[in-house]
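Please look over the sequence and the model before reading on. The report below takes the fold apart piece by piece.

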Amino acid sequence: MHDSAPPLFDDFSPASSAASSAASGEPARPRSGPSRDFLVVEADGGSRGNPGHAGYGALVRDPETGAILVEKAGYVGIASNNVAEYSGLIAGLELAHEIDPDCRILVRMDSKLVVEQMSGRWKIKHADMQKLAGQARRMIDPRRVRYEWIPRERNKDADRLSNEAMDAGMAGTEWRPRKPVVQEEPAAAVETPPTPTGTLHHLEIRVRDLGAARASLGWLFERLGFVPNETWDDGVAYAGAGTHLVLQREPDAVAEGHDRKRQGVQHLAFRAGTRAEVDLLARRAQSHGWSLSTPAAHPSAGGRDHYAAHLQNTEGFEAELVADQQG
């Protein structure tokens, strides 16, 4: 019932290739670029509408320093999430091959589907994905590639690139990097930590499905500057400037989704920067389970002089992104 796949390499020690050559008495093959035993590829893809406007992002990291060596993003057109994710994989493999055509590659993605299918454990049934998977396997000897699933929060750079590609495609422009890729620098020196925001001490939100809540509410919290700082089996806390937002799974929650019309908190409202920043975040939220709750009145549902995006996710939770600056 599963696709067969060639055996994958098991050892990722940077010294393993040189040790193998020395043991066999064979000289190491010369390489055009810096000598690396393996490279790390991170890739992602998304679709706003599924199918809808789709894009992918891919990058290559140095496994020793964590430095991003090169990155790429592209607009796919109207396509599904899965097609966009496979497109990101292909782009990442191409980037790694251009750096070193002999190296081994560790691919990290938050798509369980792509990881399991390319590892040969799940069957590929869809024709479009069969074509893309075949292209990826023909591009590089599958024995040189290993696949690893990572949670979405560890794939933020590839997710950022795919959203930039979708933004550019929907605007009818070419994707361009935000800034030049820094060579041979630790990842910590490249990434800018999010700035915590918020004014409440803490707010606890009870949910039935913690995974779905993290993918939607948690994603929005992080984009607004809240940082995940504590997790446990049934919950996760996000820290702001003196504020905590808590998602807590409630096993005995009623079957119905959240209803903002009942007594209690109707919605959360956050300052989200300029009008342009509010619009950008509202567009990106559509890839994470959110939609405009009042599209006909957007962006003035709160009044003519109040610019905001009113969002609602599939569980019925509402969030308001308020522009407190012009621009």
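This is a predicted model: local features need pLDDT of at least 70, side-chain atom pairs count only at pLDDT 80 or more; totals for chains, interfaces and linings use all residues.

## Nonpolar cores

The largest nonpolar core has 34 residues. Within this core, Tyr86, Leu89, Leu93 and Val107 touch the most other members. Several elements each supply at least two residues. On the strand side these are strand 1 (38-48), strand 2 (52-61), strand 3 (68-79), strand 4 (104-109) and strand 5 (145-149). On the helix side they are helix 2 (81-99), helix 3 (112-118) and helix 4 (127-139). Helix 2 gives the most, with 10 residues.

Leaving aside residues up to four places away in sequence, Leu93 touches Val41, Ile105, Val107, Ala136, Met139, Ile140, Val145 and Tyr147. In soluble globular proteins, nonpolar side chains tend to be buried together.

## Pairing around strand 9

Strands of a sheet pair through backbone hydrogen bonds, in either a parallel or an antiparallel sense. Strand 9 (residues 244-249) takes part in both kinds of pairing. With strand 6 (residues 202-207), strand 9 runs parallel, and 6 bridges join the two. Here Leu203 stands opposite Leu245 of strand 9.

With strand 8 (residues 235-239), strand 9 runs antiparallel, and 5 bridges join this pair. The bridge partner of Ala237 in strand 9 is Val246.

An open sheet is built from 4 strands in the order 10-13-12-11, with mixed pairing. Strand 10 (268-271) and strand 11 are the edge strands, each pairing on one side only. From one strand to the next, the twist averages 30°.

Strand 11 (290-292) and strand 12 (308-313) are antiparallel, paired over 3 bridges. Trp290 has Asn313 of strand 12 as its bridge partner. Helix 7 (residues 210-223) packs on the sheet. Helix 7 touches strand 10, strand 11, strand 12 and strand 13 (318-322). The direction of helix 7 makes about 75° with that of strand 11.

## Helix 5 against helix 8

Two packed helices are described by the angle between their axes and the distance between the axes. For helix 5 (residues 156-171) and helix 8 (residues 275-285), the angle is about 110° and the axes are 11 Å apart. Helix 5 and helix 8 are therefore roughly perpendicular to each other, as angles of 65 to 115 degrees count as such.

Which residues meet here? Helix 5 brings Asn163, Glu164 and Asp167, and helix 8 brings Leu280, Arg283 and Arg284. By class, this contact has 4 charged residues, 1 polar and 1 nonpolar.

## Cis peptides and a positive phi

Where are the cis peptide bonds described here? One runs from Asn50 to Pro51, with omega near 0°. Another runs from His298 to Pro299, with omega near 5°. Pro51 lies in the loop between strand 1 and strand 2. Pro299 lies in the loop between strand 11 and strand 12.

Asn50 has a further backbone feature. Its phi is near 45°, a positive value in a residue other than glycine. Asn50 is found in the loop between strand 1 and strand 2. Is Asn50 buried, exposed or partly exposed? With a relative accessible area of 42%, Asn50 is partly exposed.

How values were computed. Residues are numbered from 1 along each chain as its sequence is written. Side-chain values use heavy atoms; hydrogens and water are left out. Axes are lines fitted to C-alpha atoms, for helices over the stretch in contact, and angles run from 0 to 180 degrees between N-to-C directions. Angles under 35 degrees count as roughly parallel, over 145 as roughly antiparallel, 65 to 115 as roughly perpendicular and the rest as oblique. Contact means heavy atoms within 4.5 Å. Ala, Val, Leu, Ile, Met, Phe, Trp, Tyr, Cys and Pro count as nonpolar, Asp, Glu, Lys and Arg as charged, and the others, Gly among them, as polar. A nonpolar core is a set of buried Ala, Val, Leu, Ile, Met, Phe, Trp, Tyr and Cys residues joined through side-chain atoms within 4.5 Å. Buried means under 20% relative accessible area, exposed over 50%, partly exposed in between (1.4 Å probe, protein chains only). Two strands pair if DSSP finds at least two bridges between them.
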